[in-house]
Amino acid sequence: SARRMFESIGPMMRVGDELAKKGTKLDPSPSYVRAWMADVELRDGYIDAARKLLTESATVEPDPHGLLTLGRIEWRDGQLPSALLHFRKAADLTTTGEPLMAAESLVLAGEVLFDQHDAAGAHSALVDALRLASAVHAKFEGSSRARAARLVARVLYRLGDDQRAERALRLALLDSTSSVRDLEASAADSIGNSLTRGNLKLARDALQIAYGSEIPPAEVVYYALWLRLLERQSGVKATSAAERALKAGVDLGGWPSKIASFGMGALTGAELYAVASNPVQQAEAQFYQAFERKLAGDEAGAKAHFEAVRASAGINLNEWMLARELLLGKSATVAGGVPKDIAVP
């Protein structure tokens, strides 16, 4: 297993740490390997193990990816100054060579500043991220362009410009046709944001693209479920693509079949939680329990479950960020608007 392999290279890691302290560059670096292992731990919900690895990494030789993940854990833990420090450090390390990672780091810094009630600081970080992402979108094609458009949309939504955010997501969908991985991310962002903002048209269009693509059915099940929840909230009939994706998902086996069964109404949120086998699946189930309560008009119950998602080990889940948006509600906008000198896609 990954854990046994990581344990077996312990002596090599210690030698690598000593070399890193002396300025020797290794590829991969020990910090990169720790960040990779932390991602493995997080997939199973072992957040304490991930935190330990990432803290060691940040101490010896900061890795931008590891800093972002550590910052997200600290954000989850309520350690906002530490999270902000690590997000800003990741941005500093990547602004020149990896502008999209720098933009993502600045978006996260803006979110933490927003939580700290620093509106001016949040606006500044978000605008810096928008400049970087917009410049990449104008200069590159393919995967970089799609990722840039998704980051542009994240900033625009937070700045209250929903119309241009939707346009950016539609551009991301168009730019993702050559990469299944990009199309997964663009569809997830399009339908997820639609769920939190009630954009039925964008959600349906994005699911139609995803359903006819090479995205694995186990992923499409989630998009279909989000659209189905939005349709139920809007009081409209289910689209055929959502129905077909959920019906097909029931036969997938494993956890995706449980998600599909919940979407089809064969499982309640409580029953979904009962069959979850690890902390990450439990976090997902908490999210769907929350939405179930929301649809039933139980706002207090929904809020409690959404807060449980935010306190969970599922920091890499789409549902973790969706829960934040649903908890923020109408207070989710950072004042200040979009500077006119930025050529937004």
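Is His117 buried or exposed? His117 is exposed, with a relative accessible area of 74%; exposed here means over 50% relative accessible area, buried under 20%, and partly exposed in between, using a 1.4 Å probe and protein chains only. Before the other views, please note that this is a predicted model, in which local features need pLDDT of at least 70, side-chain atom pairs count only at pLDDT 80 or more, and totals for chains, interfaces and linings use all residues. Residues are numbered from 1 along each chain as its sequence is written, and side-chain values use heavy atoms, with hydrogens and water left out.

**View 1. His117 sits in a loop between two helices.** The loop joins the view of helix 7 (99–115) to that of helix 8 (119–139); helices (H or I, at least four residues) and strands (E, at least two) are DSSP runs, numbered from the N terminus. The phi of His117 is near 65 degrees, a positive value in a residue other than glycine. Most residues other than glycine have a negative phi.

View 2. Look along residues 240–249 for Ala241, Ala242, Ala245, Leu246 and Gly249, which are buried. An α-helix has 3.6 residues a turn, so residues three or four places apart point the same way. The buried residues of helix 14 pack against helix 12 (200–211), helix 13 (217–234) and helix 15 (254–263).

**View 3. Arg150 is a buried residue of helix 9.** Helix 9 spans residues 142–158, and Arg150 counts as buried because its relative accessibility is 10%. Leaving out residues up to four places away in sequence, Arg150 touches Ala172, Ser176, Asp182, Ala185, Ser186 and Asp189; contact means heavy atoms within 4.5 Å.

**View 4. The largest pocket has a volume of about 2100 Å³.** Of its 47 lining residues, Glu104, Ala185, Asn316, Leu317 and Asn318 are the closest to the centre. A pocket is an open set of points on a 1 Å grid over the protein atoms alone, where a 1.4 Å probe fits, with protein on both sides within 12 Å along at least five of seven lines; lining residues have an atom within 4 Å of a point. Grid points are joined across faces, edges and corners, and the volume is the space filled by probe spheres set on the points. Helix 11 (residues 180–197) gives the largest share of this lining, ten residues.

**View 5. The second largest pocket holds about 380 Å³ of space.** Among its 16 lining residues, the closest to the centre are Thr196, Glu325, Leu326, Gly329 and Lys330. Helix 11, helix 18 (299–310) and helix 19 (318–328) each supply at least two residues of the lining, and the largest share, four residues, comes from helix 18.

**View 6. Gly66 lies in helix 5.** This helix covers residues 64–77, and Gly66 counts as buried, at 3% relative accessibility. Gly66 and Tyr32 are 34 residues apart in sequence, with 7.2 Å from C-alpha to C-alpha in space. Gly66 is also in contact with Ala35 and Leu54, leaving aside its neighbours within four places in sequence.
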